[in-house]
Amino acid sequence: MFQTSYIELDFKALKKNIRYLKKEIGKMVRFVSVIKGNAYGHGIKDFIPLAEACGIDYFAVSDAYEAEIACSVLSPASELMIMGMIDNSDLEWAIEKNISFYIFELDRLEHTILSSKKLNKKARIHLELETGLNRTGFENDELEKALELIKKNREQLFIEGFCTHYAGAENIANYVRIHEQFTSFNKIKRYLNEKGIYPKYHHTASSAATLLYPQTRMDMVRIGIAQFGLWPSKETKIYQLYDGEIKMFRDPLQQILQWKSNIMDTKSVKPAKFISYGDSFLTTKQTRIATVPIGYFHGFRRNLSNAGFVLIGGRKAPVIGIVNMNVFIVDISLIPDVKKGDEVVLIGKQKKNKITVASFSELTNSVNYELLTRLPAEIPRYVINKEMHV
Ligand SMILES: *Cc1c(COP(=O)(O)O)cnc(C)c1O
């Protein structure tokens, strides 16, 4: 059965983004592709093979469920880490699959050691350190106890990483806090080194930290949003393109996702009529309308009512009336020859016009991240511009 919309992933754009990011971080820093939230709405299963074709060989997910999905397509040469939730009962599975995972509390550490003993296989662990995000991460006193356990169970554990996460590196308002976290991380790291614990990697940086605070790159970075061609924030983009002088005229990042549908119906409505539910939109003239089979159920948010735009025939068509659960209506009066079945671009390009994820987010007061991850997993994803993949 046809779905009411589809998503296109632009392989060529992804390749450019990764090339740009890899050039920024250099060869000595390992690139981890963060694919939590169904790869920021791009689709974990669709995205992994594309990223691998661009040379990515380390992925990070949020939980064991996402890890299982990732494993179903992951190449044997690629590695995987779980940054967040994993139930104690799933630890054995992770160790067996050679998936590394964060440890930020003693109970998980104890169960990891038990599982590792049971399987007679080392667990690859990342010690998450509390540096000021105040979410998860070992506090200093707990770290003492963790150290004892680690020392006693050296045979069970491979220390893959020391890590932490910054409290919003994309926002300049957090500048002082990020610096304090960086200092704190280094201090704890030195302390652990003095105790004889050295990890394979040190990783603290997301996209924004990687681009705004190069010292946070260390020997591994965890890149999410930027690989998809989106800036973590305006500050990040401005800083990257303009740093006292214009460094780049062209945006080095290209959005790889497009979201498209087709017109379900068109008709004319007389002047002085309300469109769809309620009375939020009143026609003031004879109005041509088109119905799009997408609604808030599909992630087209209700606050785009009377505010959003789509592209039809290469032109902007404004949303009129309330966005319903499964449909919304646009005004096509100014666009000639529109008919049922015509392409509707919700996010992406059509002829000379473009609707970016960022513009979409501004209208709905949600950040790029939230908008993307609201795209349902069921929408089919197709890869475009893959010819160059030989
Ligand atoms: C999501 C996430 C990242 C990636 O963040 P971006 O801003 O998308 O680059 C990195 N580290 C952790 C722990 C995360 O949860």
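Let's start with helix 6. Its buried residues are covered by helix 5 (91-96), strand 5 (100-103), strand 6 (123-128), helix 7 (140-152) and strand 7 (157-163), among others. Contact here means heavy atoms within 4.5 Å. Helices (H or I, at least four residues) and strands (E, at least two) are DSSP runs, numbered from the N terminus.

A word on the source. This is a predicted model: local features need pLDDT of at least 70, side-chain atom pairs count only at pLDDT 80 or more, and totals for chains, interfaces and linings use all residues. Residues are numbered from 1 along each chain as its sequence is written, and side-chain values use heavy atoms, without hydrogens or water.

Which residues of helix 6 are buried? They are L106, R108, L109, T112, I113, S115 and S116. Buried means under 20% relative accessible area, with a 1.4 Å probe and protein chains only. At the start of helix 6, a side-chain oxygen of E105 comes within 3.1 Å of the backbone nitrogen of D107. After the helix comes N120, with a positive phi near 55 degrees.

Stay with L109. Leaving out residues up to four places away in sequence, L109 touches I103, I125, A146, L149, I150 and L157.

Now the core. The largest nonpolar core has 116 residues. Such a core is a set of buried Ala, Val, Leu, Ile, Met, Phe, Trp, Tyr and Cys residues joined through side-chain atoms within 4.5 Å. L109, W259, F300, I312, F328 and V330 have the most contacts inside it. Helix 1 gives the largest share of this core, 7 residues. Why does this core lie between domain 1 and domain 2? Because domain 1 (11-241) and domain 2 (257-355) both give residues to it. Those bounds come from an automatic or database domain assignment. The domain centres, taken over C-alpha atoms, are 41 Å apart.

On to helix 1, residues 11-25. Its buried residues are F11, A13, L14, N17, I18, Y20, L21 and I25. D10 caps its N-terminal end, with a side-chain oxygen 3.0 Å from the backbone nitrogen of K12. G26 follows, and its phi is positive, near 80 degrees.

Last, the ligand. What surrounds it? The residues around it include V34, M83, H165 and R222. The side chain of K36 has an N or O atom 2.7 Å from a ligand oxygen. For the side chain of Y369, that distance is 2.7 Å. I225 uses a backbone N or O atom, 2.8 Å from a ligand oxygen.

Technical notes
Expected span 1.5 Å × (residues − 1). Buried < 20%, exposed > 50% of the residue type's maximum accessible area, 1.4 Å probe, protein only. Polar contact = N/O pair within 3.5 Å; in protein donor to acceptor, adjacent residues only side chain to side chain. Near = heavy atom within 4 Å.
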